[in-house]
Amino acid sequence: METIRYPRREEWHRLVRRPHLDASQLNDTVSAVLASVRAKGDAAVKKYEEQFDHVKLKGLGVTESEFSHAETMVPKKLKDAIRLAHNNISAFHQAQLFEGRKIETQPGVTCWQKSVPIGCVGLYVPGGTAPLFSTVLMLATPARIAGCAEIVLCTPPSPDGTVNPAILYAARVAGVRKLFKAGGVQAIGAMAYGTESIPKVSKIFGPGNQYVMAAKQQVSLHDVAIDMPAGPSEVCVIADDSARADFVAADLLSQAEHGADSQVILITTSERLIRQVITETDRQLKALPRRETAAKALDNSRLILVGNSQDAIDLANLYAPEHLIIQTVNYEEMAGLVTNAGSVFLGPYACESAGDYASGTNHTLPTHGYAMAYSGVNLDSYSRKITFQHLTAEGVRRIGPAVAAMAEAESLAAHQRAMTIRMEKAR
């Protein structure tokens, strides 16, 4: 990890840069895979599964017997944990249900909104070396609460053609019935365009690597909506002299182990804490099964010493992290200054892992600085708001002259006439 001490503000933009991947090569690869899936459907998906996931598939759909077998493979302790997490996630998202109310903006002019669920949604759940069954809960639970009629889930299979049992169990707990063995760009293309096996969806949700993020962005131009451009995971920790170095090191490593392209940043006012965190990180890293992956991510990471807490929060807001952990004495005060972050964790005991799994908040969050413009996944992500209005004759008399005047000023005579003929009848 690179250590930077008291950087000038003009240097901050350099410090918040993410790891770079040659986008031209990436986008060319993604475009080619998407074009093949659009043209050849299941055959292309199977081809790329063999090429990228090293598995030869006869069919893409997960069968009922595979679901049943998976349930016997998941230990009771994990089943209980999944159900607890699902209950908390349900409670948090249930509280977000929209309650529209009618507003009379003028006498005789009534306006309101109705929330309508998206009919068919596609969920992408990363697999591979770290099958994220928790993401199944995060994506499928609010989809069910919102009332989406069809939920399609894609996840990469293992080389033996099976899907991780915990992913299948979590899918059943969350109410998913259509699950397909497809990963990466080919899965995004299949849900965007539809294949013989995989239905076309209206909106795609879920995190992934930079290839998945690029695929989601490309298909969103013409074919399907997406939740957000969610890419490699990241965390920013703000800490002062009161923070425990072992807690901070554990938080940094919990994100670094996601992938070599992940990034972790510590912003602190304490020189002593930086020294202790370096020592603790080295010690804890040695014990991690995924230490090689985490070590590569740490190469992209920074420890930044700043002069005061205001600089710390300003730099964090410029970074706009996916996860922001605040371990300071005045964390409540600091929380009020946060303007750009996906999800915020306050105090020494609120580790990011809590939000990843079981506190109830959603862990599908904007990365790469997109927290400046995007929210994390929430119940509203799965619905649309349709507006309604009703005008009486009195309503026409109240707003008709303003409508006619504005339409005339914009040289839209038909708009003007649509109101004036009503004004004549409403006298």
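Predicted model: local features only at pLDDT ≥ 70, side-chain atom pairs only at ≥ 80, totals over all residues.
Which residues line the largest cavity? The lining is made up of Arg 18, Pro 19, Gln 210, Pro 232, Ser 233, Glu 234, Asp 261, Ser 262, Gln 263 and His 368. When the whole structure is searched, one cavity of 30 Å³ or more is found.

Let me turn to the sheet. Five strands make up an open sheet, in the order β6-β5-β4-β7-β8, and their pairing is parallel. The edges are taken by β6, residues 178–181, and β8, residues 225–226; each has a single partner strand, so one side of each is left without a neighbour in the sheet. For β6, the pairing with β5 is parallel and runs over four bridges. Within that pairing, Lys 178 of β6 stands opposite Val 152.

Strand β1, residues 2–5, runs parallel to β11 and is joined to it by four bridges. Here Ile 4 has Ile 304 as its bridge partner. Strand β10, residues 263–268, also pairs with β11 in the parallel sense, again over four bridges, and Leu 266 stands opposite Leu 303.

Are the residues on the two faces of β11 buried or exposed? In a regular strand, side chains alternate between the two faces of the sheet. In β11, Arg 302 and Ile 304 lie on one side, Leu 303 and Leu 305 on the other, and all four are buried. Both faces of the strand are therefore covered, buried here meaning under 20% relative accessible area.

I come finally to the nonpolar cores. The largest has 38 residues, of which Val 121, Leu 123, Leu 179 and Tyr 382 touch the most other members. Elements giving two or more residues to this core include the helices α4 (64–73) and α5 (76–94) and the strands β4 (120–124) and β5 (150–155). The largest share, eight residues, comes from α6. Apart from this core lies another, of 33 residues, with Leu 60, Phe 180, Ile 198 and Val 219 among them.

Leaving aside neighbours within four places in sequence, Leu 123 is in contact with Leu 139, Ala 140, Ile 151, Val 152, Leu 153, Cys 154, Met 191, Phe 205 and Tyr 382.

Terms used:
Residues numbered from 1 in each chain as written. Heavy atoms only, no water. Buried < 20%, exposed > 50% of the residue type's maximum accessible area, 1.4 Å probe, protein only. Pairing = 2+ DSSP bridges. 1 Å grid on protein atoms, 1.4 Å probe; cavity = no way out; pocket = protein on both sides within 12 Å on 5 of 7 lines; lining within 4 Å. Points joined across faces, edges and corners; volume = space filled by probe spheres on them. Core = buried A, V, L, I, M, F, W, Y, C linked by side-chain atoms within 4.5 Å. Contact = heavy atoms within 4.5 Å.
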